[in-house]
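Here are my notes on this model.

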Amino acid sequence: MALEAQQAPVREGRTEWADALSRDALQLIAEGVTEMVGFQVATISVVKEHGLRSVAIAGSEAARAQLMDAVTPIEVIHQDLAVADDWGRFKFVPAERAPADTTEWGWVPELAPSDDPHSWQALDLLVAPLHNSSDEIVGLLSIDLPVNGRRPDTDQRTLLERYAAQAERAVLVALEREALSEQIRLATAAREIVRNASVQLHVDDLLAQCGQALTSGFRAGGSWVQTFDEEVSGSGALHSAQGADIWLPEGLIEMAEVAARQLWALQQSVVLEREPTSLGVLTQEQYDEITAFMERIGADYLLFVPLGAGSTCVGNLVLTRVEGQPAWTSTEADAALDIGHDLGRAILNARTFAHEHRLVAELTALDVYKGKLIATVSHELKNPLTAIIGHLEMLDAAPELSAASRGSVSAIGRGAQRLQRVIDDLLLLSKVGDPDHPIIPTPVHLQPIVEDVRDLTDISASRGGVRVDLDLPREPMVADGDAEEIDCLLTNLISNAVKYSPADTSVSLSVRRDGAEVVITCRDQGIGISPADQEQLFSEFFRSADPAARAQPGTGLGLAIVARIVERHHGSISVASALGQGSTFTVRLPAAA
């Protein structure tokens with residue numbers, strides 16, 4: 001007789017055992033037994049889910065039809081082996097010792113009974129258990145129906161031993177290939193999770209996005225994730241991969257957090273069953289509470305995985321399987337722990353992004369408030385300052401004013417004018433820094449603006465002995481932007497260069513086209529800027545610590561305004577400078593079509 005006659009139940013989602021290459025190798029061994037040793041039926045089976053599943057059958061088509069993919073409980077094999085004669089690798093159970101339920105699990109050929117003790121009987125059983133390195137049964141080679149109708153002699157047994165050894169090696173290789181295939185499948189699921197885990201997501205959205213890959217990748221009946229609060233223990237949230245509400249008793253929530261932190265330190269995951277074989281880091285009382293909860297939700301097996309990154313544990317992942325699904329394997333538990341690292345990093349990244357997003361929102365609100373405050377204060381100062389300047393002009397025109405008083409009025413006037421420039425710069429800074437009032441781009445011809453700015457600054461440049469040179473092409477240079485703001489940009493660039501240039505030097509300004517951009521370059525032969533100052537050059541109210549620069553009056557807002565205008569035009573600005581060697585400012589603005 002040949003074993004494995006009970007047809008295995010078909011489970012939804014089951015994949016075919018091993019791969020085609022492994023099946024072919026086992027099939028060749030089975031065929032070798034039938035062709036070279038002289039048996040009409042040879043079956044090779046492997047242990048799968050507490051039973052033996054036949055995967056290779058050679059010989060009788062009737063036997064193949066009945067035995068292929070059939071499953072025999074492993075307990076039946078052990079009962080047969082207990083009463084078998086030891087023939088080395090093979091074990092022989094003569095018909096007279098066959099168990100009473102043999103016909104329930106075995107394929108029985110139609111043979112006429114014989115009184116010859118050497119004749120093969122219909123209920124004779126000849127099998128070779130195949131073992132792994134731990135001496136556990138991983139498969140079985142079964143043979144039936146010798147061609148000569150007689151039980152094997154010594155020569156046949158010797159040859160059968162060789163085929164049994166080959167079958168054992170082939171089964172072990174096939175199981176290793178299957179384990180590797182399972183690892184690859186789970187690794188693919190892990191990559192899918194990492195690929196889908198965008199850091200620009202809230203933790204809830206992140207886990208919802210990963211949930212489908214977790215459940216389908218591990219073929220779980222259900223899953224959920226518990227995340228821990230960053231500051232308070234036991235106050236984290238529960239996130240269901242299926243979007244369902246998750247309710248856990250308070251004791252289980254605290255227990256899960258403690259267990260997750262312990263397991264993360266040990267870098268272990270744990271499989272829980274209703275009938276535990278090991279308690280791991282749990283006490284019996286805790287395990288009883290968990291198994292009661294598993295029974296309530298209908299879970300037979302539970303895979304508990306800590307989540308984290310580095311030394312930080314941020315939560316735990318729970319995957320469940322229900323009745324009819326296989327128990328969690330060590331390969332799946334190891335793969336889940338690897339995913340625990342990936343998911344833990346994704347959660348930390350999401351938290352970091354959320355924290356940064358909050359900071360950006362706060363800074364943006366602060367910047368808007370600062371802009372409004374500057375604008376409000378400047379407007380409030382501008383009106384009384386205008387009145388002060390007006391009355392100073394009236395006093396200065398009064399004929400009865402003494403020389404000493406006239407000097408005081410002149411000093412007050414200079415101070416008021418300087419204060420007026422600060423207020424004007426503040427109002428301009430507030431305007432160009434207001435995100436609620438973006439520019440409306442129009443084509444702006446740069447040559448006329450550059451020439452007007454040069455004419456306006458020519459007087460102050462001449463007073464300081466500085467020459468302003470322009471290098472403008474013949475063809476029109478047209479930028480895409482706001483004409484008034486570009487005028488302000490050029491005025492600040494040229495006046496700033498003139499202010500910090502010594503006598504008998506020149507300032508040059510050139511305009512050229514570079515692809516889709518217009519490039520404005522302003523060069524001077526002035527005092528230069530140190531590398532440390534260059535890092536803060538475009539900050540508001542920044543004034544250099546260089547005494548030569550401090551000697552020149554200024555608000556520290558000119559280049560900040562330039563940078564804001566450039567940013568509003570979606571352009572860029574850079575500076576190249578060294579102390580004592582002058583400075584070169586390069587502005588790139590979008591060119592008009």
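Is Glu61 buried or exposed?

1. The model is predicted. In it, Glu61 is exposed, because its relative accessible area is 57% and exposed means over 50%. Glu61 sits in helix 2, which covers residues 61–67.

2. Glu61 also has a spatial relation to Val41 worth checking on screen. The two are 20 residues apart in sequence. Their C-alpha atoms lie 9.2 Å apart in space.

3. Next, helix packing. Helix 10 (residues 403–432) and helix 15 (residues 558–568) have axes that come within 9 Å. These axes cross at roughly 20 degrees. Helix 10 is therefore roughly parallel to helix 15. The crossing is left-handed.

4. Which residues of helix 10 and helix 15 meet? Helix 10 contributes Asp425, Leu428, Leu429, Lys431 and Val432. Helix 15 contributes Ala560, Ile561, Arg564, Ile565 and Arg568. By class, this contact of helix 10 with helix 15 holds six nonpolar and four charged residues, with no polar ones.

5. Helix 15 also packs with helix 12 (residues 483–499), and their axes come within 9 Å. Here the crossing angle is roughly 145 degrees. The crossing of helix 12 and helix 15 is left-handed.

6. On the helix 12 side, the contact uses Glu485, Cys488, Leu489, Asn492, Leu493 and Asn496. On the helix 15 side are Gly558, Leu559, Ile561, Val562, Ile565, Val566 and Arg568. The contact of helix 12 with helix 15 counts eight nonpolar, three polar and two charged residues.

Technical notes:
Residues are numbered from 1 along each chain as its sequence is written. This is a predicted model: local features need pLDDT of at least 70, side-chain atom pairs count only at pLDDT 80 or more; totals for chains, interfaces and linings use all residues. Side-chain values use heavy atoms; hydrogens and water are left out. Axes are lines fitted to C-alpha atoms, for helices over the stretch in contact, and angles run from 0 to 180 degrees between N-to-C directions. Helices (H or I, at least four residues) and strands (E, at least two) are DSSP runs, numbered from the N terminus. Angles under 35 degrees count as roughly parallel, over 145 as roughly antiparallel, 65 to 115 as roughly perpendicular and the rest as oblique. A crossing is left-handed if the near helix is turned anticlockwise from the far one by less than a right angle, and right-handed if clockwise. Contact means heavy atoms within 4.5 Å. Ala, Val, Leu, Ile, Met, Phe, Trp, Tyr, Cys and Pro count as nonpolar, Asp, Glu, Lys and Arg as charged, and the others, Gly among them, as polar. Buried means under 20% relative accessible area, exposed over 50%, partly exposed in between (1.4 Å probe, protein chains only).
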